[in-house]
Amino acid sequence: MRRLVLWMVALALALPVVAGTGWAQEIKLGSLNDMTGPTSDVGKDAALGVREAVQYVNDTGGINGKKIRLYLYDYGYRVPEAITTYKRFKNFDKVVGVLGWGTGDTEALSPTVSKDQIPYLSHSFSAKLTDPKTTPYNFVYGTDYSSNARAAMTVWFEEVWMKDPRFREARSKGEKPRVIMFYMFPSPYASAPIKALKNHAELLGFEVGPDQDVSLLALDTKSQVLAAKAFRPTLAWHGNTTMSVAATIKDAQALGLGADHIVNNWGFDEGLVRLAGPAAEGVMGLAVTAYYGDKVPLMDKVVEYSKKLNPGVPQEARLIRTVQAWAQVHMMAEGMRRADKAGKLTGPGLKEAFETFRGWTPGLGLPPVTLTATDHRTGSVIPVYRIKGGKFELVKQVDLKAKWSKQWEGEWFGY
Amino acid sequence: MYLPSGVYHETYAATHGWWQTGFARGKMALLVLFVFTLPLYANLYVVSVANITLYTILGALGVQLLIGYCGQITFGHAAFIAVGAYVTAMGVLFWGLPYPVAAVLGCLLAGLWSVVFGLPSARIKGFYQIMTTMAAQFITVDFIITHYVSRVGGREHYFSLPPGTITIAGWPVESEIEVYYLAVILTILCLAGMANLLRTRVGRAWIAIRDNDIAAETMGLNVVYYKLLAFFAAGVLGGVAGAVWIPSLLFVSPEHFQLSWGLWLVGVILIGGIGSLHGVVFGSIFVTGILELLKFAVIPLSEFYPALSERFLYVKEAAFGLAIVLFLLYEPRGLAYRWQQIKNYLNLWPFAY
Amino acid sequence: MAILLELVLSGIMVGSIYALVALGWTLIYKCSGVLNLAMGELTLIGAYVCLTYYQWGFPFPLALVATLLTGFILGLATERLFLRRMIGEPILAVIMITVGLSFFFRALVGFTWGTDTVVFTPPVFPREPLRFYGMVFGQVYLWSFVAAIVLLVVFVWFFQQSRWGLSMQATADDEMAALSLGVSAKRVYALAWAIAFMAAGVGGTLLGNINGLNISVGYLGLLVLPAVVLGGLNSVPGAIVGGLVIGVLQNLSDAYVGKLTQGGVKEIAPFAFMVIILLFRPYGLWGWVKIERV
């Protein structure tokens, strides 16, 4: 009897060891998300999307047969947590690549990930991350904030200022359009495209008013809107996330600011329509993928997996951020597949694999991604949308490289 | 001072010793041995927790000096730690100073900055002092550092310090273990320094001010001078904490030094016991340890209640708030007092007193 | 010029909400000597409680009354559980209990409701702005102002005319004498906390109506402190005036001083102002003056 028990115990102890060797065929991926912090309104949705997308990749063959093991942590947009989590990725979880989130921590970690040679694919589209000379191991899956902002301003200029009868009188008098920027000054994310935007405003012939500081968590923006009103702007740029952009747009309507609005992509989603209500009508903005539920390839899988894995979250509450997370995970998976096929699934190997992308897209309405060893900007074709009747419709697509090719290759690169 | 029978001193100098019996000296030697050999047998995670504990001790030391030994209430200590950290970081990154020099510069500047905000203490006490120190915190961190200092060099609000940028005499301080040794040495030096400072004239002046500053003035103490000195010393200790903290960070940002950290340090003091150096150490170990244990306790519970692990930050804060409240209600003199009671009990057993 | 007037007037309207919260703070201090640093979190709790009632389908006035009742009960409970034992303890211990409570409450709110902004849907007040001599006001500001003023009048009347209010004044003035006259100090303390919770709750609700509610409303509580320092710690009219002044100051400093700096003035202007006040007139406009110069 005792011998039987001893054998069973030995077997029980040996089993995980045997099974463990089966798990050696796993590829480790880390993901930093904000589910409780100031950007959690968009971050929670993205985190759900990351999990669902990884599950889908694993269900459809993984990385050439190997499964992805996802280590997803919430860091609450807090810098100390970002640091401890990154150290954990490097020392304990030993990941091959990281899916990042916020601009501030991504930019600050970029010297470290370059030194550690861990590719970092972030949800932050800061233009500073697109120059391989300074940030060789940072990648993005969409066009960067500065180019997006330039495109949005260009579209408003061409489609609204030049064509809308409201401004005919002003144009005939030779007046210039006036723009004011609302964003959180100390936030690296919100302040990322401002320099480029002001440069573009000068190029197109705008008058630029004083910037207004609106916190990411702001609920009351009266004084900023009133201060802006003194400048009588025709256009307002919003650089924050949905919560504060909704507050500003509502205050602008309540106080009669009288300006059109263009919004950065992290403030322009279904949540904006819900929070701002009728004030959101006619607002223009940027989106890097198709919206949740649009008719694009792979969207049916997105909806199916969201219902399957997170039935507790209502479908109306899902945002474009889920789709963005799917695009991010698919780009990482594709890079891992190429690196694995070349036999080099390591940090530097993954980086090289990313730089072989030529016009790749997973569907999902993501503009084709092209990355080279000298340019980590994914492309130059940028769509701009508008809210009409509570829904998003495409206004126009701009090709910045075609319009301003000299500046695109030269002075605009890297900021 | 409890001395067992058979132990007696033959010189005056011996009566001033910190550890007057062989037993106490042996205990301390073992403790030092344990602390210095910890990385050999503990895994990296325990070392990183120890680093956080040491950082908390250094931060709380400044607060204890002001609140526990000088009677000046300060809620803005995180701002002075921030000054120390930022000056050290800027020294290393922008001015090309070697790390020890930059750290000393950081400590001095933190001390001077602390004196600036200690000036109102000449006129106001108690609650108003809380207000001015909170204002110091906001003005320093939320305004000056966030908007001006952190934009120096175009670093856009976070100074990157990749591992390897900080070196002491050519030896890079980058891994957790190296930071641990640096922190342990500095903590021991600071604790010893402060303990000795409190036995000198300056220390006695501070305690007199704490007990009754009007009486101290009537006895001839220059109260304003000693108060400002206390603020300076606390600022310097804050600067040490900041300088020690940076090597273990990958980048410095104002978010590390918010008001809640200053309040946290005051809470650590209260849990450990006001007016006692043991209290600083016990309070830090208790708070850091409890929060780590909480993490382990939450993991199995979150099978049943997943929100616990998603919103773990809130559980941590709620636990800390509750711990402060419970300690203040039921153990107002802190862990140091309880430690004294236990030691007395063991020393005097089987007698009651 | 119109912009200046708009800034001042909207500052007064928001300041009336600060005044309401400051009133609650002053009541606690006057009656029991407790310096309450958890005021912001009380505001937060009241606001989220009202939102929950509203989402359950109560019409807004009923939700407001329900919030008042809930605040009353919570105030009594807090005082009984946490503060009763601290009577007579040194001032730092009492303040730190309120700090601990603030950590606890804020974490509780964040845990239960998350950090997302939530709005009162359908909106309680009409969205159409009112135009008035070239100045534009959102209706929600006007209604909040009216509600805050009404509540202020009610509280001040209660404090000065009703029996309970007079007992509170007596305790605030001289506790020993009040005790000897038969006033129950325990009940007075409990009532002070209950009123503070109610005032803070309504203040939070009104703030939440303006643009939405999220956890940053809790930081408002810290703004109350400059207001009471300005008005004098134990003066009720001082608290009201202090709140209004802080509201106006925030708006003006953001609009005018904000142009000179790189931003962030709105949050720290009240504190910088408070430091200046403390250097020249530490007892505020109406506070009791206790000369203690060392």
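Modeller: What follows is a set of questions about chain C and its two partners in this predicted model.

Biologist: Why is the pair Glu6(C) and Lys229(A) called a salt bridge?

Modeller: The rule asks for a side-chain nitrogen of Lys or Arg within 4 Å of a carboxyl oxygen of Asp or Glu. In Glu6(C) and Lys229(A) the closest N and O atoms are 3.5 Å apart, so the pair meets the rule. Across the interface of chain A and chain C, the rule finds one salt bridge.

Biologist: Which elements of chain A touch chain C?

Modeller: Helices H2 (40–59), H9 (222–229) and H10 (242–255) of chain A each give two or more residues to that side. The largest share, seven residues, comes from H10(A). By class, this side of chain A has eleven nonpolar, eight polar and eight charged residues.

Biologist: How do you know how much area chain A and chain C bury between them?

Modeller: The value is the accessible area that the two parts lose on being put together, summed over both. For chain A and chain C this comes to about 2500 Å², with 55% of it on carbon and sulfur atoms. In chain A, Leu219(A), Lys222(A) and Leu226(A) lose the most area to chain C, together 25% of what that side buries.

Biologist: What are the corresponding values for chain B and chain C?

Modeller: Chain B and chain C bury about 4300 Å² between them, and 79% of it is on carbon and sulfur atoms. The contact takes 51 residues from chain B and 47 residues from chain C. Across this interface of chain B and chain C the rule finds zero salt bridges, and the count of residue pairs in polar contact is one.

Biologist: What makes up the side of chain B that touches chain C, by class?

Modeller: That side of chain B has 38 nonpolar, five polar and eight charged residues.

Biologist: Why does the radius of gyration of chain C agree with that of a compact globule?

Modeller: The globule rule is 2.2 Å times the number of residues to the power 0.38. With 294 residues that gives a value near 19 Å, and chain C has 19 Å, so the two agree. Its C-alpha trace spans about 60 × 50 × 35 Å along the principal axes.

Biologist: What share of chain C is called buried?

Modeller: Buried means under 20% relative accessible area, and 63% of the 294 residues in chain C are buried. As for its elements, chain C has eleven helices and two strands.

Methods: Residues numbered from 1 in each chain as written. Chains lettered and ligands numbered in written order. Predicted model: local features only at pLDDT ≥ 70, side-chain atom pairs only at ≥ 80, totals over all residues. Heavy atoms only, no water. Buried area = accessible area lost by both parts, 1.4 Å probe. Helix = DSSP H or I, 4+ residues; strand = E, 2+ residues; numbered from the N terminus. Nonpolar A, V, L, I, M, F, W, Y, C, P; charged D, E, K, R; others polar. Buried < 20%, exposed > 50% of the residue type's maximum accessible area, 1.4 Å probe, protein only. Contact = heavy atoms within 4.5 Å. Polar contact = N/O pair within 3.5 Å; in protein donor to acceptor, adjacent residues only side chain to side chain.
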